[in-house]
Amino acid sequence: HSSGELGMRTWEALIAQTQPYLDTARVLPPFALGATQAESVAIDLHLDGARLLGSVGNLYRCGDQLWLVSISNSSISFRQLLPLFMHWAALKLSLPDQECRVSMVYKDGKKGPAVGPPIAFAEDPRLLREGLQQLLKMYRQAERTAGVYYARTSFKFAEAERNFDPNARNP
């Protein structure tokens, strides 16, 4: 890192870029009273003949609730949503009796920071397990499915489906 005047200007520019995201995050209950410590939860799941071991971080306590929070200073795409879903599913399946919430601070186009996630994640353990198993299956068969998946097109389709109004008239 640079020192002196250049270092100070770089630091000030970084603060100016990140402060709106930090201010937005403060609307979430775990951050409403100020800084809090992140926690991690160990994951040990059996999915479709495979064992998923690891941990989920970016967890924050607020009373009896455990919040999974992701912050991204870019527009939403599957690049941010896929890992967030995987962490959410692993968390909910590992701690079925724990009250959990998921939220994301992200760039909402030209509007700036927003709180989400922009799509709702499943809460049903069966759906979460099926989703993780499907992703694991795709990972294991990547050599057979390479080139078939187009993330940007798929995300735009999912957005359109979410905003679809069956009563709207086609032009």
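The model is predicted, and local features need pLDDT of at least 70, side-chain atom pairs count only at pLDDT 80 or more, while totals for chains, interfaces and linings use all residues. Residues are numbered from 1 along each chain as its sequence is written, and side-chain values use heavy atoms, with hydrogens and water left out.

**Stop one: charged pairs**

A search of the whole structure finds eight salt bridges.

Next, select Arg-61 and Glu-39, whose side chains meet in a salt bridge at 3.3 Å, N to O. Arg-61 belongs to strand 2 (residues 50-62) and Glu-39 to strand 1 (residues 39-47), so this pair ties together parts that are 22 residues apart in sequence. Helices (H or I, at least four residues) and strands (E, at least two) are DSSP runs, numbered from the N terminus. Arg-61 is partly exposed at 38% relative accessibility, and Glu-39 is partly exposed at 28%.

Now move to helix 3 (residues 125-140), where Arg-126 and Glu-130 are four residues apart and thus separated by about one helical turn. Their side chains meet in a salt bridge of 3.1 Å, N to O.

**Stop two: aromatic pairs**

How many aromatic pairs does the structure hold? There are two, where rings of Phe, Tyr and Trp (its six-membered ring) pair if their centres lie within 6.5 Å, and planes under 30 degrees apart count as stacked, over 60 as edge-to-face and the rest as tilted.

Select Phe-31 and Tyr-60, an edge-to-face pair with 4.8 Å from centre to centre and 65 degrees between the planes. Phe-31 lies in the loop between helix 1 (4-25) and strand 1, and Tyr-60 in strand 2, so the pair ties together parts that are 29 residues apart in sequence. Phe-31 is buried at 13% relative accessibility, and Tyr-60 is buried at 14%.

Finally, select Phe-85 and Phe-121, whose ring centres are 5.8 Å apart with planes at 75 degrees, so this pair is edge-to-face. Phe-85 sits in helix 2 (residues 78-94) and Phe-121 in the loop between strand 5 (113-116) and helix 3, 36 residues apart.

Methods: Salt bridge = Lys/Arg side-chain N within 4 Å of Asp/Glu carboxyl O. Buried < 20%, exposed > 50% of the residue type's maximum accessible area, 1.4 Å probe, protein only.
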